[in-house]
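Subject: Structure handover and notes

Hello,

Here is the structure for your files. My notes come after it.

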Amino acid sequence: MMPFPISEATPVRFAGPLPDACDVVVIGGGVIGVMTAWNLAERGLRVTLCEKGRIAGEQSSRNWGWIRQQGRDFGELPIMMESLRHWKSLSQEFGEALGFRQEGVMYLARTEAEMAGFEAWRAEARSFGVDTEMQSAGQVAERIAGAATPWKGGLFTASDARAEPWVAVPLLAEGAQARGAVIVENCAVRALDIAGGRVTGVVTEQGRIACDQVVLAGGAWSALFARAHGVAIPQLSVRATVMATEPLPQVFAGNAADDAFAFRRRADGGYTLAPGAAHDFFIGPDAFRNFGLYLPVLKKDFRSTKFHPAAPSHYPDAWGTPRRWAADATSPFERMRVLNPEPSARIVADVCQSFAACFPHLGAPKLKAAWAGMIDTMPDVVPVVDRVAALPGLVLATGMSGHGFGIGPGFGRVIADLVAGNDTGHDLHRFRLTRFTDGSKIAPGPSL
Ligand SMILES: Cc1cc2nc3c(=O)[nH]c(=O)nc-3n(C[C@H](O)[C@H](O)[C@H](O)COP(=O)(O)OP(=O)(O)OC[C@H]3O[C@@H](n4cnc5c(N)ncnc54)[C@H](O)[C@@H]3O)c2cc1C
C-alpha cells in the first residue's frame, strides 16, 4: 500500500528564512493558515506562517476533498458560497493540478426521516440562493449507475465541487509565498510573547519574531496552545479513517454519501472512500473538561462514535501530553511534527464491504492506501473565528469541525480582513468564542 504522501520524511519546501519582525504571525500551515497568509500578503501586510511539520501535513491533506455548500450551518453558508467563487478563480490560476471539479454533491437517504431532514435544510437554504434540489429514487438511479442500495431519494447540489487536498494545499502555499508571505516549515511556535497584556510576538523553535497580531490556525493543536496562555477553547478531536482504491469505472461524476459510506472519484481514477459517520474518539483530560458542552452533539451522534480510553502518546489530548512547557525547551508541537493516526481496520473493512454491496458490478475494491486524520471539532460543530478580548493581538481561526477544506479560501479572506481591521463582509457572531461561556444554548449545526 502507498504511504501517505505528506510526512516528516517529505523534504522541506518552505524554509523561510524566519524574520526578526513582521506584522502578523500565522500559526499552522493547513488550508486555513495558508489562505489567511495569502490574503494578508495581498493586503500588503508582512506575514510569517510557521508550521511545526509540513504544509498540509495534517487534516488539510487527509480530508475527502469535498467543497460543499450542501448541509452547511446557515452561519457558514454565505462564507462557503464566497469560498466556492475563490476556488473557481484558484482553479484558473493553478489549472488542472488543483483537481478542482464542479460535479455536485449528493446525500442519499435510506429512510423517510432522512428525506425530511434533507428537505428541511433545502427549504431554509433556498433563501441564500443555493441550487440544492431534492431527488427522487428514480433521479438518483439516473445519476448513480448500477447501485444496488434501495435509496429513497437524495439531496443534490450541482454547483458543489471537490479538489485534491494533498496536491491543492501545498500549491496554495506556493501562491501565498508568491504574494509575499514568508512560510517556514519545521518551525513550531512554542509560545506567545506577551507584554503589557497584549501579544507582542511569538517564540518559535527557530527564534523569536516580534509582531502585533497572531492568528492561531493550529487545527487539532489550537486548544493545547491557547490554554497554555489562559484562553480556553472547548475543542476536541476525533479520528476519521479514509481510503483510496485503485482505478475503477465511474459510477457517479460527483461526491456522494449515505449513512454507511461516502465516495468520490479522484483525479487518478480511483475512489476516495470513507464511512458515512463512524469515527473514533480518544478520551483525555480535555474530554472530561468539556463533557457537558458536548452533550447535545453526543446525544445525536453517540452510536457512530467508538470510544477509546486513551490517545497514543504525544497526541494533543493524550494523558501524558504536558499542558505547560518552557518557551526555551522542546514543546509538545515539536514532539509530533505530523499527526498521522493509524486508520481503523474495522472501519476500512466495513466501508469496503458497503461499497462492494452497493456496486456489485465493480467487485471488491482493491485499496491503494488507507489513512486517518484527527478532525478538530467544537461542541456545536461550528468553527471559532474571533479576536480574543482578554488577549489583544490574538485571533482564533480554528475548530473547523470536519468541513474546513471547502470553506478555507473563504475563511482565509474573512480572517485576513478581521486582522487588518477591515469589514469582513459577513456576520461572524455565530463563530464567537464567548458562545461557550456567555450562557448561550449550544445549538449544533446540521450534521447532514
Ligand atoms: C478524514 C477527514 C475528512 C474530511 N473531509 C472534508 C471534506 O471533504 N471537506 C471539507 O471541507 N473538510 C473536510 N475535512 C475537514 C478539513 O480537512 C479541516 O477542517 C481543515 O483541513 C482544517 O484546516 P486547518 O488549517 O484548520 O487545520 P490543519 O489542516 O489541521 O492544519 C493545522 C496545522 O497547524 C500546525 N500546528 C499546530 N500547532 C502548531 C504550532 N504550535 N506551531 C506551528 N504549527 C502548528 C499543524 O502541524 C497543522 O499542519 C475532513 C477532515 C478529515 C480529517
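The notes below cover the ligand site, the nonpolar cores, the backbone exceptions and a few single residues.

The model is predicted, and every value here is computed from it.

Ligand site

The ligand is surrounded by 37 residues, and the closest of these are Glu51, Ser60, Trp66, Gly404 and Gly406. By type, the shell divides into 18 nonpolar, 14 polar and five charged residues.

Glu51 places a polar side-chain atom 2.6 Å from an oxygen atom of the ligand. The backbone takes part as well: a polar backbone atom of Gly406 lies 2.8 Å from an oxygen atom of the ligand, and a polar backbone atom of Val189 is 2.9 Å from a nitrogen atom of the ligand. Taken alone, the ligand would expose 1,000 Å², of which the protein buries 98%. Five elements are listed as giving two or more residues to the shell around the ligand: α1 (31–42), α2 (59–62), β13 (236–245), β19 (367–377) and α11 (404–420).

Nonpolar cores

In soluble globular proteins, nonpolar side chains tend to be buried together. Here the largest nonpolar core holds 57 residues, and Ile55, Ile67, Trp87, Leu172, Phe411 and Ile415 have the most contacts inside it. Leaving out residues up to four places away in sequence, Leu172 touches Val34, Met35, Trp38, Trp87, Leu90, Phe94 and Leu98. Another core lies apart from the largest one; it has 41 residues, including Cys22, Val184, Val214 and Ala223.

Backbone exceptions

Most residues other than glycine have a negative phi, and most peptide bonds are trans.

- Gly16 and Pro17 are joined by a cis peptide bond, with omega at about 5°. Pro17 sits in the segment before β1 (24–27).
- Val381 is not a glycine, yet has a positive phi of about 60°. Val381 belongs to the loop between β19 and β20 (384–387).
- Ser401, also a residue other than glycine, has a positive phi, near 55°. Ser401 is in the loop between β21 (394–398) and α11, and counts as buried because its relative accessibility is 7%, under the 20% cut-off.

Which residues does Asn39 contact beyond its neighbours within four places in sequence? They are Pro409, Gly412, Arg413 and Ala416. Asn39 lies in helix α1 and is buried, at 6% relative accessibility. The C-alpha atoms of Asn39 and Phe411 are separated by 10.0 Å, although the two residues are 372 apart along the chain.

Glu82, in helix α3 (residues 77–94), also has Arg413 among its contacts; the others are Gly410 and His426, again leaving aside neighbours within four places in sequence. Is Glu82 buried or exposed? With a relative accessible area of 7%, Glu82 is buried.

Other single residues

Trp64 is in the loop between α2 and β3 (66–67). Its relative accessibility is 27%, so Trp64 counts as partly exposed. Not counting residues up to four places away in sequence, Trp64 touches Pro165, Val242, Ala262, Arg264, Thr272, Ala274 and Pro275. Trp64 and Ala244 are 180 residues apart in sequence, with 9.9 Å between their C-alpha atoms.

Asp301 and Ser304 can be taken together. Asp301 is in helix α8, and Ser304 is in the loop between α8 (285–301) and β18 (305–308). Asp301 has a relative accessible area of 31% and is therefore partly exposed, whereas Ser304, at 16% relative accessibility, counts as buried. Ala278 features for both residues. The C-alpha atoms of Asp301 and Ala278 are 9.2 Å apart, with the residues 23 apart in sequence, while Ser304 touches Ala277, Ala278 and His279, not counting residues up to four places away in sequence.

Regards

Key:
Residues are numbered from 1 along each chain as its sequence is written. This is a predicted model: local features need pLDDT of at least 70, side-chain atom pairs count only at pLDDT 80 or more; totals for chains, interfaces and linings use all residues. Side-chain values use heavy atoms; hydrogens and water are left out. A residue is near a molecule or strand if one of its heavy atoms lies within 4 Å of it. A polar contact is a pair of N or O atoms within 3.5 Å; within protein, one must be able to donate a hydrogen and the other to accept it, and residues adjacent in sequence count only if both atoms are side-chain atoms. Accessible areas come from the Shrake-Rupley method with a 1.4 Å probe; for residues, only the protein chains shown count as cover. Helices (H or I, at least four residues) and strands (E, at least two) are DSSP runs, numbered from the N terminus. Ala, Val, Leu, Ile, Met, Phe, Trp, Tyr, Cys and Pro count as nonpolar, Asp, Glu, Lys and Arg as charged, and the others, Gly among them, as polar. A nonpolar core is a set of buried Ala, Val, Leu, Ile, Met, Phe, Trp, Tyr and Cys residues joined through side-chain atoms within 4.5 Å. Buried means under 20% relative accessible area, exposed over 50%, partly exposed in between (1.4 Å probe, protein chains only). Contact means heavy atoms within 4.5 Å.
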